[in-house]
Amino acid sequence: MTDQTNPVVLIQTTNGAFKVELWPEQAPETVKNFLRYVDEEYYAGTIFHRVIDGFMIQGGGLNVQMQPKQGRSPIKNEATAELKNTLGTIAMARTNQMNSATSQFFINIADNEFLDHKNATPQGFGYAVFGKVTEGMDVVLAIGKIKTRSFGSHQDVPVDPILIDSVTRVE
């Protein structure tokens with residue numbers, strides 16, 4: 001799905017940087033929502049707060065104190081059978097409510113087909129993939145290997161916080 005005209009963002013973390021190509025043709029509302037957060041510099045100072053080796057790294061909604069950052073209203077879930085949660089793809093995190101994604105995202109560090117769209121039921125709807133890491137996958141995989149712990153009601157929290165310094169568009 002690589003396309004020279006697709007937007008690309010650089011995610012700069014305390015553990016290194018990586019680039020993600022976004023897919024506006026496949027997930028227009030999701031990409032628009034994500035880029036609004038990017039342009040508002042919303043992600044600066046958030047962390048990767050959930051890291052599970054062999055599964056995914058999740059961030060974009062909590063600060064270092066594990067306090068939620070106020071986001072905008074939830075968006076429609078654009079998961080489709082064509083968009084697969086494969087290694088290196090980025091998808092919107094959400095609650096068990098189908099259309100509950102706001103700012104949080106995750107990057108798959110394995111092929112996670114159980115997260116793919118299967119049907120229109122709440123259990124089968126899946127998670128909306130909207131792009132893929134194109135550079136720096138080694139950084140993403142290294143984040144996936146860090147030591148984690150429980151923190152309050154949260155599991156799989158990095159012992160040493162992984163700060164998102166910035167997410168910016170790449171021209």
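**Close-up views of a predicted model**

The structure holds one cavity of 30 Å³ or more. This is a predicted model, in which local features need pLDDT of at least 70, side-chain atom pairs count only at pLDDT 80 or more, and totals for chains, interfaces and linings use all residues. Residues are numbered from 1 along each chain as its sequence is written, and side-chain values use heavy atoms, with hydrogens and water left out.

View A. The largest cavity has a volume of about 40 Å³. Here a cavity is a set of points on a 1 Å grid over the protein atoms alone where a 1.4 Å probe fits but cannot get out, and lining residues have an atom within 4 Å of a point. Grid points are joined across faces, edges and corners, and the volume is the space filled by probe spheres set on the points. Look for T30, I75, K76, N77, E78, M92, R94, A101, Y127 and A128 in the lining. They divide into five nonpolar, two polar and three charged residues (Ala, Val, Leu, Ile, Met, Phe, Trp, Tyr, Cys and Pro count as nonpolar, Asp, Glu, Lys and Arg as charged, and the others, Gly among them, as polar).

View B. Rings of Phe, Tyr and Trp (its six-membered ring) pair if their centres lie within 6.5 Å; planes under 30 degrees apart count as stacked, over 60 as edge-to-face and the rest as tilted. The count comes to ten aromatic pairs by this rule. One of them joins F34 and F105 edge-to-face, at 5.7 Å centre to centre and with 90 degrees between the planes. F34 belongs to helix α1 (residues 28-39) and F105 to strand β6 (residues 105-108), so the pair ties together parts that are 71 residues apart in sequence. Helices (H or I, at least four residues) and strands (E, at least two) are DSSP runs, numbered from the N terminus. Both F34 and F105 are buried (under 20% relative accessible area, with exposed over 50% and partly exposed in between; 1.4 Å probe, protein chains only).

**View C. Charges over rings.** K69 lies over the face of Y42, at 4.6 Å from the ring centre. In turn, the charged end of R94 sits over the ring of Y127, 4.2 Å from its centre. A charge qualifies if NZ of Lys or CZ of Arg is within 6 Å of the ring centre and within 35 degrees of the ring normal.

Technical notes:
1 Å grid on protein atoms, 1.4 Å probe; cavity = no way out; pocket = protein on both sides within 12 Å on 5 of 7 lines; lining within 4 Å.
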